[in-house]
Amino acid sequence: MTAALALGDDALVLSHRLGEWAGHAPVLEEEVALANIALDLLGQARTLLSLVGDEDELAYLREERAFRNLQLVEQPNGDFAHTIARQLYFSTYQRLLYGQLAAGDSEFSGLAAKAVKEVAYHQDHAEQWTLRLGDGTAESHERMQRACDALWRFTGEMFQPVEGLDVDREALRSAWLESVTTVLKRATLTVPDTADTGAWAAGAGRQGLHTEPFGRMLAEMQHLHRSHPGASW
Amino acid sequence: MTAVTAGTAAASTHQARFDAAVAADERIEPRDWMPDDYRASLVRQMAQHAHSEIIGMQPEANWITRAPSLRRKAILMAKVQDEAGHGLYLYSATETLGASRDELLGKLHSGRQKYSSIFNYPTLTWADVGAIGWLVDGAAITNQVPLCRCSYGPYARAMVRICKEESFHQRQGYELLLALSQGTPAQHEMAQDAVDRWWWPSLMMFGPPDDASAHSAQSMAWKIKRHSNDELRQRFVDICVPQAEALGLTLPDPDLRWNEERGHHDFGAIDWDEFWQVLKGNGPCNEQRISQRRKAHEDGAWVREAAAAHAAKRAFGRSGAPHESAASDGSGTESDEAQVEATA
């Protein structure tokens with residue numbers, strides 16, 4: 001069940017981060033789009049966590065060390081470019097991963113077949129904004145490059161083995177690198193580095209080793225639920 | 001002299017045609033002639049309605065990251081997303097009258113246009129999310145259902161779509177409060193406290209009493225408004241009393257009782273001083289709400305400039321190195337002095 005937990009936590013945590021944008025987005029259309037993506041991810045999280053146990057117990061009553069999400073998805077929103085870079089890296093991974101899972105016959109194939117349609121939309125959204133910001137103004141170009149560079153080191157983790165997740169990781173990695181490289185180049189951005197050097201932080205989130213902002217995020221997310229043990233909502 | 005007479009005659013023909021259309025309950029459409037005051041009044045009301053949707057996202061978004069179950073979190077996110085969508089419909093509808101969204105947002109940010117006074121109250125507990133759904137959305141629906149028959153077509157059609165979604169939100173808010181009311185003693189207390197704090201501000205959403213409402217008579221004559229503020233407020237109280245009983249919660253008004261003779265509930269006096277204070281900008285969250293909105297807009301300026309610059313490059317078929325763009329929506333540096341216009 002590690003795989004369902006890992007994928008469920010990815011979706012749960014990224015959904016939460018996107019939810020923090022509500023009321024703060026640069027245009028109204030993005031209020032709608034970011035909330036839409038957050039909702040899709042929350043739906044995926046609920047399905048995946050329910051494969052493991054009670055969704056609320058898992059979301060609200062686990063400590064930081066028991067979460068299995070990638071460090072990438074727990075990264076703070078930063079400016080809009082950071083959010084978009086995070087979306088680009090993750091949605092490209094998720095689409096390729098779910099594409100493989102949908103084609104297979106694991107317990108995830110049904111879920112993946114549904115989710116891959118949502119994720120295709122997320123990826124398109126991230127790519128379009130990468131192009132606008134990368135090939136927009138000098139300021140947006142610089143911000144987008146900075147965001148891509150800053151988050152690059154978290155990408156290696158996506159291609160580490162996950163127990164119970166039967167995918168061709170090499171194919172996943174080369175397809176991901178090709179897709180992201182193409183978009184970054186079209187956006188007049190520089191690919192931060194080779195995929196290999198991005199891997200130094202790899203594996204930590206999947207083993208319950210997270211970055212510092214994550215604990216604070218969980219404190220906020222879990223506080224009300226934990227304050228009323230046993231209550232239903 | 002002749003020209004003036006001809007012009008006046010043409011204007012009065014237009015006016016007569018407009019009056020006849022309104023009298024016959026026909027819809028006025030964007031390309032139809034309309035009196036300047038009618039246009040201005042609609043722009044004011046519709047823009048403020050749009051602003052209310054946008055500012056109204058804040059008190060609820062305040063609880064998205066703390067929602068106590070994943071189901072409730074999904075419902076709340078969907079609701080806040082709907083509100084952004086309602087804002088978009090309403091800005092579009094207002095644009096049919098010749099205003100632009102950027103211009104209207106500029107007026108919101110500089111305080112020249114208002115939003116509903118209710119959103120200047122803070123959401124202090126999770127139960128507030130339910131109280132907003134039940135009472136605030138309930139009051140909004142009571143106000144807005146008659147607007148589905150408003151004389152201006154684009155506004156009426158926007159309201160049909162919005163009211164459907166609002167009714168859904170209201171039921172969800174009621175159901176949230178019901179779960180709390182029937183939950184643990186601490187949850188019940190939380191629900192009661194939220195209703196105690198939101199009841200009177202919700203009654204204020206219907207605007208000043210009829211004898212103090214600046215725009216009511218004209219709006220009713222134009223069939224923008226169909227019922228007076230006090231009529232709608234009474235209707236709302238009559239709807240809420242049995243709902244509060246079903247919830248197992250009380251309404252914070254010792255003077256609230258059924259009046260057999262009138263066939264309505266009598267209720268206590270509203271604190272109109274509080275209402276005018278909130279409207280003037282002195283409510284608990286006025287400063288915070290508008291600052292957050294302005295900050296989101298200002299922080300997002302570089303993103304909007306990037307999108308415009310990118311679109312321009314695409315349009316001219318240019319590519320290559322990014323360049324400095326002069327594109328701006330012109331509303332990011334609004335510095336006009338705030339003009340407080342006390343209206344509702």
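Tutor: Start with the term. On a 1 Å grid over the protein atoms alone, a pocket is an open set of points with protein on both sides within 12 Å along at least five of seven lines, and a lining residue has an atom within 4 Å of a point. Keep in mind that the model is predicted.

The second largest pocket has 15 lining residues. Lying nearest its centre are W21(A), H24(A) and G78(A) from chain A, with K295(B) and D299(B) from chain B. Helix 12 and helix 13 of chain B are the elements that each give two or more residues to this lining. Helix 12 of chain B makes the largest share, four residues. The volume comes to about 270 Å³. Sort the lining by class and you get six nonpolar, five polar and four charged residues.

Stay with helix 12 of chain B. Q292(B) lies in this helix. Leave out residues up to four places away in sequence, and Q292(B) touches G23(A), H24(A) and Q58(B). H24(A) is also among the residues nearest the centre of the pocket. Now look within chain B. I55(B) is 237 residues away from Q292(B) along the chain, yet their C-alpha atoms are separated by 9.1 Å.

Next, step back to the interface. Chain A puts 52 residues into the contact and chain B puts in 50. The size of an interface is often given as the accessible area lost when the parts come together. Here chain A and chain B bury about 4,300 Å² between them. Carbon and sulfur atoms carry 66% of that area.

Side chains of opposite charge can pair when their charged atoms come close. Two salt bridges cross the interface of chain B and chain A. K313(B) forms a salt bridge with D135(A), with the closest N and O atoms 2.8 Å apart. Six helices of chain B each supply at least two residues to the side that touches chain A: helix 3 (57-61), helix 4 (70-95), helix 7 (153-181), helix 8 (185-204), helix 12 (286-299) and helix 13 (301-315). Helix 4 of chain B gives the most, with 13 residues. The side of chain B that touches chain A has 27 nonpolar, 12 polar and 11 charged residues.

R157(B) pairs with E29(B) in a salt bridge, 2.8 Å from N to O. R157(B) sits in helix 7, while E29(B) is in the loop between helix 1 (2-23) and helix 2 of chain B, so by helix number the pair links distant parts of the chain, 128 residues apart. Over all chains, the structure holds 23 salt bridges.

Rolling a probe the size of a water molecule over the atoms shows where empty space is left. Five cavities reach 30 Å³ or more. The largest cavity holds about 850 Å³ of space. Its lining has 39 residues, with H49(B), S52(B), S116(B), N143(B) and M205(B) nearest the centre. Helix 2 (36-55), helix 6 (127-144), helix 7, helix 10 (229-247) and helix 11 (272-282) of chain B each give two or more residues to this lining. Helix 2 of chain B has the largest share, six residues. By class, the lining of the largest cavity divides into 15 nonpolar, 15 polar and nine charged residues.

Technical notes
Residues are numbered from 1 along each chain as its sequence is written. Chains are lettered from A and ligands numbered from 1 in the order in which they are written. This is a predicted model: local features need pLDDT of at least 70, side-chain atom pairs count only at pLDDT 80 or more; totals for chains, interfaces and linings use all residues. Side-chain values use heavy atoms; hydrogens and water are left out. Contact means heavy atoms within 4.5 Å. Buried area is the accessible area (1.4 Å probe) that two parts lose on being put together, summed over both. A salt bridge is a side-chain nitrogen of Lys or Arg within 4 Å of a carboxyl oxygen of Asp or Glu. Ala, Val, Leu, Ile, Met, Phe, Trp, Tyr, Cys and Pro count as nonpolar, Asp, Glu, Lys and Arg as charged, and the others, Gly among them, as polar. On a 1 Å grid over the protein atoms alone, a cavity is a set of points where a 1.4 Å probe fits but cannot get out, and a pocket is an open set with protein on both sides within 12 Å along at least five of seven lines; lining residues have an atom within 4 Å of a point. Grid points are joined across faces, edges and corners, and a volume is the space filled by probe spheres set on the points.
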